[in-house]
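The points below are grouped by topic.

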Amino acid sequence: MEHNGEDIPVLVGQTGPLNGQRWMLNSTCIVGRDPNCDIPIPNRQVSRHHARFTPTTDGVVLEDLASKNGTHHNGKRVGEAVILKDGDVIQIAFAQQFAFLSSDATLPLESFELPGIQPKPEKKERLRLEKRSRRVWIADEEVLPPLSVSQFQLLELLFENEGRVVSRTKIIETIWGQENAVDVSEQALDALVRRLRDRLAAVDASHSYIVTVRGHGLRLENLPN
């Protein structure tokens, strides 16, 4: 698979021992505990040959290599091979998380020059998020472990409409899709909101970021940093 200089997909190390490091996925790349792997992860939870990233004409394909502790793609364990999309999050066992970027053209290279350097959005408000890698900070503390896909989708929707009420119908359609909205119960949404509130409160319990406006929906109340 050939790439021009601006279309090489990138794998960026996030939480784990490879924080801040990045790899160009212009050829097959094997991740595992074996030091001869393309991306070695020295952790006993990682299988010797754990997962494989393969560039194809359809995109980069992620496969789990029958690992003991599994490979997760956006929070779901990988069974069949999956084609990655921009911003996808990959978890190797419980040891290392990666973000997949479909191109390095807009990657802030200065943020990844040294291992362990983690990019943060410009400090304007206390709660901040980075959409491409699905990372969230409150003040200077990152919300870890990362939010689930649905938790981040909910927070992102409220963040984009900060100060405005977002209806429950809009939230359900955004997270579960319009075709599935009629099958989603109010209890399912309430459970999702509760889990997200708990995750944010674990970092900052002094402020309720997600406010329920009875009869209307939800609103994000952020604070100046």
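Two strands are taken as paired if DSSP finds at least two bridges between them. On that basis, strand E10 (residues 89-92) and strand E11 pair in the antiparallel sense, with 4 bridges. The model is predicted.

**Strand pairing**

- Strand E11 spans residues 96-101 and pairs with E1 in the antiparallel sense over 4 bridges.
- Phenylalanine 100 of E11 is the bridge partner of leucine 11.
- Phenylalanine 98, also in E11, is the bridge partner of isoleucine 90.
- Strand E2 (residues 22-24) pairs with E1, again in the antiparallel sense, over 3 bridges.
- Within E2, arginine 22 is the bridge partner of valine 12.
- The hairpin of E10 and E11 has 3 residues between its strands, and alanine 93 there takes a positive phi near 50°.

**Burial of the strands**

- E11 is mostly covered, with 6 of its 6 residues buried.
- One side of E11 carries Gln96, Phe98 and Phe100, the other carries Gln97, Ala99 and Leu101, and all of these are buried.
- Strand E1 (residues 10-13) is likewise covered on both faces.
- Val10 and Val12 are buried on one side of E1, and Leu11 and Gly13 are buried on the other.

**Helix H1**

- H1 has 12 residues and reaches 16 Å from its first C-alpha to its last, close to the 16 Å expected at 1.5 Å a residue.
- The buried residues in H1 are Gln151, Phe152, Leu154, Leu155, Leu157 and Leu158.

**Packing of H1 and H3**

- Two packed helices are described by the angle between their axes and the distance between the axes.
- For H1 (residues 149-160) and H3 (residues 186-201), the angle is about 85° and the axes are 10 Å apart.
- Angles of 65 to 115 degrees count as roughly perpendicular, and H1 and H3 are therefore roughly perpendicular to each other.
- From H1, the residues in this contact are Ser150, Gln151, Leu154 and Leu155.
- From H3, Leu192, Val193, Arg195, Leu196, Arg199 and Leu200 meet them.
- By class, the contact of H1 with H3 has 6 nonpolar, 2 polar and 2 charged residues.
- Gln151, Leu154 and Leu155 of H1 meet H3 and are also buried.

Note on methods: Residues are numbered from 1 along each chain as its sequence is written. This is a predicted model: local features need pLDDT of at least 70, side-chain atom pairs count only at pLDDT 80 or more; totals for chains, interfaces and linings use all residues. Side-chain values use heavy atoms; hydrogens and water are left out. Axes are lines fitted to C-alpha atoms, for helices over the stretch in contact, and angles run from 0 to 180 degrees between N-to-C directions. Helices (H or I, at least four residues) and strands (E, at least two) are DSSP runs, numbered from the N terminus. Angles under 35 degrees count as roughly parallel, over 145 as roughly antiparallel, 65 to 115 as roughly perpendicular and the rest as oblique. Contact means heavy atoms within 4.5 Å. Ala, Val, Leu, Ile, Met, Phe, Trp, Tyr, Cys and Pro count as nonpolar, Asp, Glu, Lys and Arg as charged, and the others, Gly among them, as polar. Buried means under 20% relative accessible area, exposed over 50%, partly exposed in between (1.4 Å probe, protein chains only). The expected span of a helix is 1.5 Å times one less than its number of residues.
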